[in-house]
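Please look over the sequence and the 3D structure below, and then read the briefing that follows, which is arranged by topic.

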Amino acid sequence: MPEYDYRCKSCRSEFTLFYKTYADFDAAAPVCPHCGSVEMSRLIRRVTIARPGRDLSKLSAQQMMSVLDGGDSREIGQLFDQVGQTAGVENMSETYRETTDKLLSGESVEKVEKGLQEQATASPPPQAEPKSPPKKASS
Ligand SMILES: [Zn+2]
């Protein structure tokens with residue numbers, strides 16, 4: 001998955017944008033997530049993800065938990081994305097893909113989690129529990 005680093009010419013912050021495909025990158029107009037400026041220069045970094053310790057799909061379960069606990073939605077998104085790619089993108093569920101995209105776009109973890117919970121409670125029909133007649137309290 002292509003990813004590109006930018007430096008905003010207006011607020012000087014650096015950030016990384018991710019694209020699903022190179023065609024997406026060609027079509028996209030990068031916007032600074034901090035100030036909304038479109039004036040930016042691309043930073044060339046050779047292999048961002050391959051920095052030691054940054055192959056998130058190879059993290060131990062404990063390290064993954066610490067990423068999740070960190071609450072950095074983009075980092076968690078990267079984790080999701082890499083784990084998903086390791087598992088095979090074609091097999092990624094729609095929900096998983098959506099969650100990853102939301103996180104990568106910087107949506108707050110809380111919001112994404114809430115959305116997932118709402119989805120989880122909404123999609124499967126509530127199981128009808130067999131109603132047993134109320135027992136009379138024996139005094
Ligand atoms: Zn900016």
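**Briefing on helices, sheet and hairpin**

Directly after α2, Gly71 adopts a positive phi of about 75°; here helices (H or I, at least four residues) and strands (E, at least two) are DSSP runs, numbered from the N terminus. The model is a predicted one, in which local features need pLDDT of at least 70 and side-chain atom pairs count only at pLDDT 80 or more, while totals for chains, interfaces and linings use all residues. Residues are numbered from 1 along each chain as its sequence is written.

**Helices**

- Helix α2, which covers residues 61-70, is hardly covered, since the count of buried residues among its 10 residues is 0; a residue is called buried if 20 or more other C-beta atoms lie within 10 Å of its own, exposed if 12 or fewer, and partly exposed in between, with C-beta atoms placed from the backbone.
- In helix α4 (residues 94-104), the buried residues are Thr99, Thr100, Leu103 and Leu104.
- These residues lie on the same side of α4 because they cover an arc of only 130° around the axis, the arc being that of the directions from the helix axis to the C-beta atoms.
- An α-helix has 3.6 residues a turn, so residues three or four places apart point the same way.
- Gly106 follows α4 and has a positive phi, near 95°.

**Sheet**

- An open sheet is formed by 3 strands in the order β2-β1-β3, with antiparallel pairing; two strands are said to pair if DSSP finds at least two bridges between them.
- The edge strands are β2 and β3 (40-43), each of which pairs on one side only.
- From one strand to the next, the twist averages 35°, where axes are lines fitted to C-alpha atoms, for helices over the stretch in contact, and angles run from 0 to 180 degrees between N-to-C directions.
- Strands β1 and β2 run antiparallel and are joined by 5 bridges.
- Within β2, Glu14 stands opposite Arg7, and Leu17 is the bridge partner of Tyr4.

**Hairpin and its turn**

- A hairpin is formed by β1 and β2, with 5 residues between them.
- Arg12 is placed in the loop between β1 (3-8) and β2 (14-18), and the phi of Arg12 is near 65°, a positive value in a residue other than glycine.
- Arg12 counts as exposed because 11 C-beta neighbours lie inside 10 Å.
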